[in-house]
Amino acid sequence: ELHAMTLEHILAGRRLTRPDYALTVEQAAIVAFGLLLAFVMPRLPPAGAALLGVAVFAAVNISGWLAYSRADLMFDPLYPSLTLLVLTAGITFLIYRQTEAQRSTIRGAFGRYLAPAVVEEIIADPSRLELGGEVRELSLMFCDVRDFTAISEGMSAAALTHFVNELLTPLSDIILRQRGTIDKYMGDAIMAFWNAPLPLPDHPLRASNHAIDMVRA
């Protein structure tokens, strides 16, 4: 095979060479593509970051092949491509960990106050949250138990706790079913609102339907 390649180059008048600057070019490729991956990949979702890493890996190997087949220059694409592949894997893993940490934070912050479907919408697109705050029209609801003080005086602590839980749990489920946000519990009272943190164009209707459902419950 070596003889055949040698004869091919002699007959074609070509000579395969590894230039003196080959190592410099290979190292420069590692630095340049490495900086590109380091700055761009963290701004992409995990799938996009992995795709960029594969594209860089392919670009390095295709460039080495073109230099070999078109210009008879020998560059080693193996070491740069493997280095960039390891870098891509590391950055992708870091992005994945950061994404999972962000999802966990969102679930912890909103999981108790929003319907699971709404929480998943926020996780899918966290940019929909205006962390700096914004002015928005809301529909608010305050609900408590009539004559709660008199009722509680006739109950033991355990019975009162059971009573409150049996009352607030189904009412909270109704709020979440209508995509409302539970703001707080105040003893026997619930405060909730609609049209935040995600916009709900029909928030007055949802709040009204919620009130009707609560009366029926």
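Tyr 68 counts as partly exposed, because its relative accessibility is 31% and the class runs between buried, under 20% relative accessible area, and exposed, over 50% (1.4 Å probe, protein chains only). Trp 65, at 53%, counts as exposed. These two residues form a tilted aromatic pair, 5.5 Å centre to centre with 45° between the planes. Pairing here needs ring centres within 6.5 Å, using the six-membered ring for Trp; planes under 30 degrees apart are stacked, over 60 edge-to-face, and the rest tilted. Trp 65 and Tyr 68 are three residues apart in helix 3, so about one helical turn separates them.

A word on the source. This is a predicted model, where local features need pLDDT of at least 70 and side-chain atom pairs count only at pLDDT 80 or more, while totals for chains, interfaces and linings use all residues. Residues are numbered from 1 along each chain as its sequence is written, and side-chain values use heavy atoms, with hydrogens and water left out.

The count of aromatic pairs is two. Tyr 21 and Phe 75 are also tilted, with ring centres 6.3 Å apart and planes at 45°. This pair links distant parts of the chain, 54 residues apart: Tyr 21 is in the loop between helix 1 (2-12) and helix 2, Phe 75 in the loop between helix 3 and helix 4 (78-110). Helices (H or I, at least four residues) and strands (E, at least two) are DSSP runs, numbered from the N terminus. Tyr 21 is partly exposed at 44%, whereas Phe 75 is buried at 19%.

Now the cores. A nonpolar core is a set of buried Ala, Val, Leu, Ile, Met, Phe, Trp, Tyr and Cys residues joined through side-chain atoms within 4.5 Å. The largest has 16 residues, and Met 141, Ile 175, Ile 190 and Trp 194 have the most contacts inside it. Helix 7 (157-177), strand 3 (189-194) and helix 8 (203-216) each supply at least two residues of this core; helix 7 gives the largest share, six.

What does Ile 175 contact, leaving aside its neighbours within four places in sequence? With contact meaning heavy atoms within 4.5 Å, the partners of Ile 175 are Met 141, Gly 180, Thr 181, Ile 182, Ile 190, Ala 192, Trp 194 and His 210. A second, separate core has nine residues, including Leu 52, Val 56, Val 60 and Ile 91.
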